[in-house]
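Please keep the sequence and the coordinates at hand while reading.

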Amino acid sequence: MTVGRYPSTRLRRNRHDDFTRRLVAENSLSVDDLIWPIFVTEGHDTETEVSSMPGVKRVTLDRLAAHVAPAARLGIPAIALFPMTPLEKRDDEGTESGNADNLICRSARLLKAEFPDIGLIGDVALDPYTSHGHDGVLRETPSHPHYVANDESVAVLVRQALNQARSGIDILAPSDMMDGRIGAIREALDAENLVHTRLMSYAAKYASAFYGPFRDALGSGGLLRGDKKTYQMDPANSDEALREVELDLLEGADMVMVKPGMPYLDIVRRVRDRFAVPTFAYQVSGEYAMIMAAARNGWLDRDRAMMESLLAFKRAGANGVLTYFALEAAERLA
Ligand code: PBG
């Protein structure tokens with residue numbers, strides 16, 4: 001690092017023109033950094049907007065190919081699929097997650113046939129499938145009426161993971177935060193010789209208020225009994241995130257994720273510095289909703305806030321970002 005003194009050193013010189021600003025830029029965003037989350041739903045020929053996420057839609061499978069086509073055309077590397085499971089298919093144990101004809105498996109088969117080059121990411125967690133909205137199965141304990149039992153949940157998650165991998169999901173992304181699930185899933189994949197299925201673990205996932213709109217999108221918010229604080233991380237903690245990441249890597253994760261995104265950029269940076277492994281961040285539904293709400297009020301320039309927020313993830317050390325802005329950002333980058 002060079003240290004000079006004013007007036008001979010003037011840091012504003014390099015900012016004087018666009019060409020020097022571009023030459024000295026330390027980070028950049030490209031389409032290769034973007035992952036687009038998509039909500040799928042049952043029914044025919046419909047798209048419904050998520051009210052708390054303006055511009056984000058749940059689409060039926062007969063419209064899915066048309067919905068994904070622009071992402072494929074723009075070269076977005078991967079999309080992440082989330083299902084709005086009909087209420088009558090939800091139960092206490094999340095049984096539908098293991099059904100080879102559930103929304104995710106049908107979507108995966110359809111998209112693999114239509115767009116063989118786009119990567120498919122499947123969320124591994126039971127909340128879209130449970131009648132109580134939790135990511136695992138409940139076993140009441142004397143102190144906790146809605147306790148999510150770890151090892152019983154892992155068994156169901158392994159079944160869900162195999163089900164998705166068999167249907168053509170390329171990257172399994174466990175977002176449940178049970179202990180030991182990465183190792184259990186990796187072992188089960190290996191036993192079926194599914195050696196190319198990648199694991200992107202939501203290693204450091206916090207119990208956050210910023211998931212509110214997502215739970216609306218899935219219809220799980222109103223169902224949720226209690227909160228997720230006994231399995232998702234405490235926002236007060238940072239060293240603990242490094243332990244979570246280390247364990248998931250030892251258990252066989254290929255990539256790790258930090259979630260939410262913008263309020264947790266310090267965690268992204270620490271993970272990247274410590275482990276130097278592929279690290280992703282999730283700009284979650286509440287972050288999207290905040291920017292959209294301010295933009296709709298005329299308080300923020302949406303496009304500039306969007307691009308700046310995405311670049312911030314790169315500066316923090318992320319290899320890529322899951323973002324509801326992926327399509328709009330890719331259009332601007334094209
Ligand atoms: C659930 C899951 C959640 C999100 C992704 N997977 C919500 C939760 O943990 O309650 C949130 C994503 C977002 O807010 O955009 N396993």
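In this predicted model, the shell around the ligand is made up, by class, of five charged, four nonpolar and two polar residues. The residues that surround the ligand are Asp-123, Ala-125, Asp-127, Asp-135, Ser-175, Asp-176, Tyr-211, Phe-214, Arg-215, Val-284 and Ser-285.

The annotated site comes next. In the unreviewed UniProt entry, the annotation "active site" covers Lys-205 and Lys-259. The two span 55 residues in sequence, but their C-alpha atoms are not more than 4.9 Å apart, so they gather at one spot.

Lys-205 belongs to strand β7, which runs over residues 198–205. Lys-205 is buried, because 27 other C-beta atoms lie within 10 Å, and 20 or more are enough for that class. Apart from neighbours within four places in sequence, Lys-205 is in contact with Ser-175, Met-177, Gln-232, Met-233 and Lys-259. One of these contacts, Ser-175, is also listed among the residues surrounding the ligand.

Lys-259 lies in strand β8, residues 255–259. Lys-259 also counts as buried, because it has 25 C-beta neighbours inside 10 Å. With residues up to four places away in sequence left out, Lys-259 touches Tyr-202, Lys-205, Tyr-206, Tyr-282 and Val-284.

Technical notes
Residues numbered from 1 in each chain as written. Predicted model: local features only at pLDDT ≥ 70, side-chain atom pairs only at ≥ 80, totals over all residues. UniProt positions renumbered as here; feature names shortened; annotations may be inferred. Helix = DSSP H or I, 4+ residues; strand = E, 2+ residues; numbered from the N terminus. Buried ≥ 20, exposed ≤ 12 C-beta atoms within 10 Å, placed from the backbone. Contact = placed C-beta atoms within 7 Å. Near = placed C-beta within 6 Å. Nonpolar A, V, L, I, M, F, W, Y, C, P; charged D, E, K, R; others polar.
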